Amino acid sequence: MYYRPKIGVAADVIPFYEDGEFKLIYLHDYRDWDKHGEGCPWNLLTTKDLINYVDHGVIIPRGTKEEQDLYIFTGCVYKHHDEYYVYYTGHNPHLRKKGLPEQKVLLAKGKSLTDLKKVESFVFEAPDYLEKHDFRDPFVYYDEDEKDYKMLLAGRVKDGPSNHRGITMIAKSNDLMNWELEKEPFFESGAYFTHECPDYFKIGDWYYLIFSEFTDKIITRYRYSKNPRGPWLMPPHDSFDGHAYYAAKSVLAGDKRYLFGWNPIKYNEQDHELWQWGGTIIPHEIYQNDDGTLSVRIPESIDKSYQKPIELQEFTQKHMHKIQDGYRGGLHAYGYTLFNEMKDNVKIEFKFKIQSRQHNFGVMLRMDDTLDQGYFVKFDPHHSRFAFDKTLRRDSTLYHQVDTERFLDFNLDTYHHVKIIVEKSVITVYVDDKVAMGARMFDFVKGRFGIFSNHSDVIFKDIKIIE
């Protein structure tokens, strides 16, 4: 269902849609310098349904340690007539030692994405008034109002607190080859080290700017405006997913817009280790609300691909009361019900309704029979959030910690609808077709599905597991 290459991991995705097919270019990190050497090329991945993928291998090879593009970092695809202009970041940390910029914007062109040629004469680098090592992630679009091409870039000013110098720059061109950088930033938040992977589009009367930051939450955020140049408004909830989703960029496919980011792995693929760069590609559908804000839901093709219901069988329960069409927890005890052993790839659906804003409740994943080992999706109305968590508690080693959490506006006496996709170590949670949260489950690969109520008056109903 979700894509990760057989060797290494997938990092930033550059999505392009054409003739009913998603063409997803991704940064391929082999994670093995001894066998595959240093550097990162671009691979092409295609799919028509977001379920079945074909990896066409390398389409832009990495350079050498002496060349600018040892690492082929994020960029974009722009098709002009019958030719693809593929702008990318050439990154080489070895050049810094020589006093040269680590990053420059480079170009490859071709009649096909599988037959691209690097344009050796094209180089676009940071001017003197910007930091020269952080100039990356070009995003090109045609400006209908000004009748020219625009390029957004992630950059940094030279002055001010280091973690607050990030800006989004804009350049213009009449021929896609010669670019003039505007001195004034397109967007300056004053909040982040840089604004990575910019993306820009319009829906109705609103313009949207997407970027990713690793200063505060390590997350993908957005801003919106009714003016193509801003000022850019920060919505009340400005992210699409949690901490385990990064470098997301969008593409319009028909009348729907999809967002592609990556769910990261951890060192040694163990729960207690730190997150790494790159992982598994995860698509979301994003859509516009009446007030101009954006929400996230599961892509329809993924949702409908789960067809075979698994009969729920109770294994054990305590202080969880069975009612018509579901179960009810109470305020006076910790209640739970454990069901079947979980399979590797399933969709879980249920609805819940709270009677008061008391303690937490939710579902157990891959839980053992003693409730000592397993994972939780915890809903916490008192703090207006839901989160991914695990047991056991071993605070001295940071073994127990909330990896990712999301805001949720809980409504009393109203059912909320939850969909959870589990595929091996990857989990993605959707609530009310509005909010998404990704996480990872490495240590425990077997265990039961369950529901729990920690001193909460909550009703669960319509619980389904589908494969």
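The side chains of Asp115 and Lys117 meet in a salt bridge, with N and O 3.9 Å apart; a salt bridge is a side-chain nitrogen of Lys or Arg within 4 Å of a carboxyl oxygen of Asp or Glu. Asp115 is partly exposed, at a relative accessible area of 44%, whereas Lys117 counts as exposed at 55%. In these terms, buried means under 20% relative accessible area, exposed over 50%, and partly exposed in between (1.4 Å probe, protein chains only).

The model is predicted, so local features need pLDDT of at least 70 and side-chain atom pairs count only at pLDDT 80 or more, while totals for chains, interfaces and linings use all residues. Residues are numbered from 1 along each chain as its sequence is written, and side-chain values use heavy atoms, with hydrogens and water left out.

Side chains of opposite charge can pair when their charged atoms come close. The count of salt bridges comes to 44. One of them joins Glu38 and Lys65, at 3.9 Å from N to O. This pair links distant parts of the chain, 27 residues apart: Glu38 lies in the loop between α1 (33-36) and β3 (42-47), and Lys65 in the loop between β4 (54-60) and β5 (71-80). Helices (H or I, at least four residues) and strands (E, at least two) are DSSP runs, numbered from the N terminus. Glu38 is buried at 11% relative accessible area, whereas Lys65 is partly exposed at 45%.

A further salt bridge is formed by Glu285 and Arg297, whose closest N and O atoms are 2.9 Å apart. Glu285 belongs to strand β19 (residues 275-288) and Arg297 to strand β20 (residues 294-297), 12 residues apart. Glu285 is buried, with a relative accessible area of 4%, and Arg297 is partly exposed at 28%. Salt bridges that share partners also join Glu131, Asp134, Arg136, Asp137, Arg156, Arg165 and Glu196 into one network.

The next topic is strand β9. Seven of the eight residues of β9 (residues 136-143) are buried, so this strand is largely enclosed by the rest of the structure. Strand β9 pairs with β10 (residues 148-156) in the antiparallel sense over six bridges; two strands pair if DSSP finds at least two bridges between them. Tyr142 has Tyr149 of β10 as its bridge partner. The hairpin of β9 and β10 has four residues between the strands, and Lys147 there takes a positive phi near 55 degrees.

Aromatic rings come next. Rings of Phe, Tyr and Trp (its six-membered ring) pair if their centres lie within 6.5 Å; planes under 30 degrees apart count as stacked, over 60 as edge-to-face and the rest as tilted. The count comes to 45 aromatic pairs. Among them, Tyr222 and Tyr224 are edge-to-face, 6.2 Å from centre to centre with 70 degrees between the planes, and both residues are buried. Phe361 and Phe460 also form an edge-to-face pair, with centres 6.2 Å apart and planes at 75 degrees. Phe361 is in strand β27 (residues 361-367) and Phe460 in strand β35 (residues 458-466), 99 residues apart. Ring pairs link Phe350, Phe352, Phe361, Phe379, Phe386, Phe410 and Phe460 into a cluster.

Finally, the structure holds zero disulfides, a disulfide being a pair of cysteine sulfur atoms within 2.5 Å. For Cys40, the nearest cysteine sulfur is that of Cys197, 12 Å away. Cys40 counts as buried at 1% relative accessibility.
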